Amino acid sequence: LLFLMVLAVFLTLFTNVWLSFWVGNKFKSLSNGTYIGLYVGFTILSCVLIALEFTMMGYINTEASKVLNLQAVKRVLHTPMSFMDTTPIGRIINRFSKDTNSLDNEISLQLKLFLHFGAVIIGILILAIIYLPWFAITIPFLLVMFLVITNYYQASSREVKRLEAINRSFVYNNFNEVLNGLNTIKAYGAQKRFMKKNDKFVDRLNEVYFVVIANQRWIAVNLDTLAGLIVFIVAMLSVTRQFNISPSSVGLLTYYMIEFSQLLSFISTSYTEVENEMNSVERVCHYANNLEQEAAYRRSEFKPAPEWPSKGEVSFQNVSSRYREGLPLVLNNLSFVVEGSSKIGICGRTGAGKSSLVSTLYRLSELAGGKILIDGVNISQLGLFDLRSKLSIIPQDPVLFQGTIKKNLDPFNEATDDELWDAMRRSGLIPCL
């Protein structure tokens, strides 16, 4: 696909150059059917190649964005709970909203425009050199000026884009806090305080966005000046008759150089936007490749028997646990045994460690010491799928996922319809007939 894309850009460049060449040199002979056929043929070929170029670029960008997004979602779902405890939810939402939108839409659009405009600009420069060979002397100097202006702009624009992404995360995180704690905020009459907090975050985001727009206007003015200089050089070489070219060729060159002045600003903006939006790629790639992961989801070398656990005996042996590194222990050398088929209740004040016991059973946080045995099997040796698929929990907050009731009752499609109906009857969800 990459080879086809480069080929399409090259052929589009070739078509632009030769189309301009034939129109300029054979303008008086357009009555000849041969040249008219060449003109029409090059025009159709240019349209086909541009369509091929955009199609290949769109497909490549869409596939890359999809792969990165799926990898990021997978790694987020397999991160330890300590990651969720220490990462603001707004930061995560930002990765899968604005950053993902940049990957899906903005980078794809700007990169396609950059390659297309780049091919057209190179074609115009080659056309100008063919008619005005002395114009080639100015190209290195103009290229140096263009790179200096662009690099000076990118140095600030890149960092401002990072600041924009950071401040946007604050806005998302504050909005999420308000939604989750809406009842508490109303109960304490703290609406104005949170409205002021939201206004402060939005104002900071707008301040950064204003600098982004100001940077774009600055480079637009400088590149328009540079493009005007190029048009002036070509116009003076044409008017002063340094080379023997026809009036139709002068008109052709003038038209393309005026178009060149517009394209130069477009290509710089496109290139800069692609580089700025690569900040989003950088953040999504961090989630897709570098997030800390839980223990192995499946372990082929240690797999429990299919009927495990058969009795349900749970044994805690000198268990010590903390939520993450650097925090004090929440369970300290805890030992007890729960016999199979028995029902127990655990009582204690808030923060006594009741929920922490369940977290250790599901290995939401790994043990700092000791071990837990279920029917004589050390659960730390099991894969997380083999362990968690054998345990059941009724959470304090009821949660229904999008989909059918059957999908919520049997997400892995392991039970028959008769078993599901029987479970609903026994739990009282439907009347027993």
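Is Trp218 buried, exposed or partly exposed, and what is its relative accessibility? In this predicted model, Trp218 counts as partly exposed, at 35% relative accessibility.

**First stop: Phe96 and Tyr287.** A search of the whole structure finds 6 aromatic pairs. Select Phe96 and Tyr287 to see one of them: the ring centres lie 6.5 Å apart and the planes stand at 70 degrees, so this pair is edge-to-face. Colouring by secondary structure shows Phe96 in helix 4 (residues 89–131) and Tyr287 in helix 8 (residues 247–289). With a surface displayed, compare the two partners: Phe96 is partly exposed, with a relative accessible area of 30%, whereas Tyr287 is buried, at 4%.

**Second stop: Tyr152 and Trp218.** Select these two residues next. Their ring centres are 5.5 Å apart, and because the planes meet at 45 degrees, the pair is tilted. Tyr152 belongs to helix 5 (residues 135–180) and Trp218 to helix 7 (residues 191–239), so the pair ties together parts that are 66 residues apart in sequence. Tyr152 is exposed, with a relative accessible area of 60%, while Trp218 is partly exposed, as stated at the outset.

Phe83, Phe96 and Tyr287 together form one aromatic cluster.

Select Arg298 with Phe385 to view a charge placed over a ring. Arg298 lies over the face of Phe385, at 3.9 Å from the ring centre.

How values were computed:
Residues numbered from 1 in each chain as written. Predicted model: local features only at pLDDT ≥ 70, side-chain atom pairs only at ≥ 80, totals over all residues. Heavy atoms only, no water. Phe/Tyr/Trp six-rings, centres within 6.5 Å; stacked < 30°, edge-to-face > 60°. Helix = DSSP H or I, 4+ residues; strand = E, 2+ residues; numbered from the N terminus. Buried < 20%, exposed > 50% of the residue type's maximum accessible area, 1.4 Å probe, protein only. Lys NZ or Arg CZ within 6 Å of the ring centre and 35° of its normal.
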